[in-house]
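Reader: I would like a close look at one part of this model, the aromatic side chains and what surrounds them, with the cut-offs stated as you go.

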Amino acid sequence: MIKKKKIIVAITGASGSIYAKLLLDNLLKLSSQIENVGVVMSDNAKEVWRFELGNEEYDNYPFTFYHKMDFNAPFASGSAKFDTMIIIPCSMGTLGRIAHGISNDLISRAADVILKERRKLVAVVRDTPFSLIHINNLKIVTEAGGIICPANPSFYSLPKTIEDVAQTVVNRVIDLAGLEQESYRWNEDK
């Protein structure tokens, strides 16, 4: 029997709300593999979601949402045993705070907990180009055990819509989280 996952989804104010929406949609479909999903959004994330997607549908998901300053959230402590944290999209400001151990909100505190407990942190960074500061922060988080998964779509599955293109990134994130899914696999049919 596969152990069900406890997942934190953090959504920051970087552009790329479509990635967060598709991840939440996919987690609903994969609910048989998941024990718990806790979601925390920055204020900017809500604003960017409204601007990019034209709605406030983040309020409609049946997951537990936590305020960005709620340090009583279970995943603010390692004792809650959340397996995986996915920051999607991950702003460079958030990544910088994580890289330097600045736990000034629930997102950075949860990431700090995940890293100190040697659990899985997936940061879906969306910024481009990278400055040397960004590159150094990416290196620090990687050396601390985090996985940097840039929001770089693939095209070998021949996506037809913007959602299809964004889904190629989300499929990689779901794989990195250790969840089983049906998705395009390079040359599997040959």
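Author: What follows takes up the aromatic pairs and then a residue in contact with one of the rings.

This is a predicted model, in which local features need pLDDT of at least 70 and side-chain atom pairs count only at pLDDT 80 or more, while totals for chains, interfaces and linings use all residues. Residues are numbered from 1 along each chain as its sequence is written, and side-chain values use heavy atoms, with hydrogens and water left out.

Rings of Phe, Tyr and Trp (its six-membered ring) pair if their centres lie within 6.5 Å, and planes under 30 degrees apart count as stacked, over 60 as edge-to-face and the rest as tilted. By this rule there are four aromatic pairs. One of them joins Trp49 and Tyr58 edge-to-face, at 5.5 Å centre to centre with 80 degrees between the planes, and both Trp49 and Tyr58 are buried (under 20% relative accessible area, where exposed is over 50% and partly exposed in between, with a 1.4 Å probe and protein chains only). Phe75 and Phe82 also pair edge-to-face, at 5.3 Å centre to centre and 75 degrees between the planes; Phe75 is buried at a relative accessible area of 1%, and Phe82 is buried at 2%. Ring pairs link Tyr66, Phe75 and Phe82 into a cluster.

Ser17 is counted as buried because its relative accessible area is 3%.
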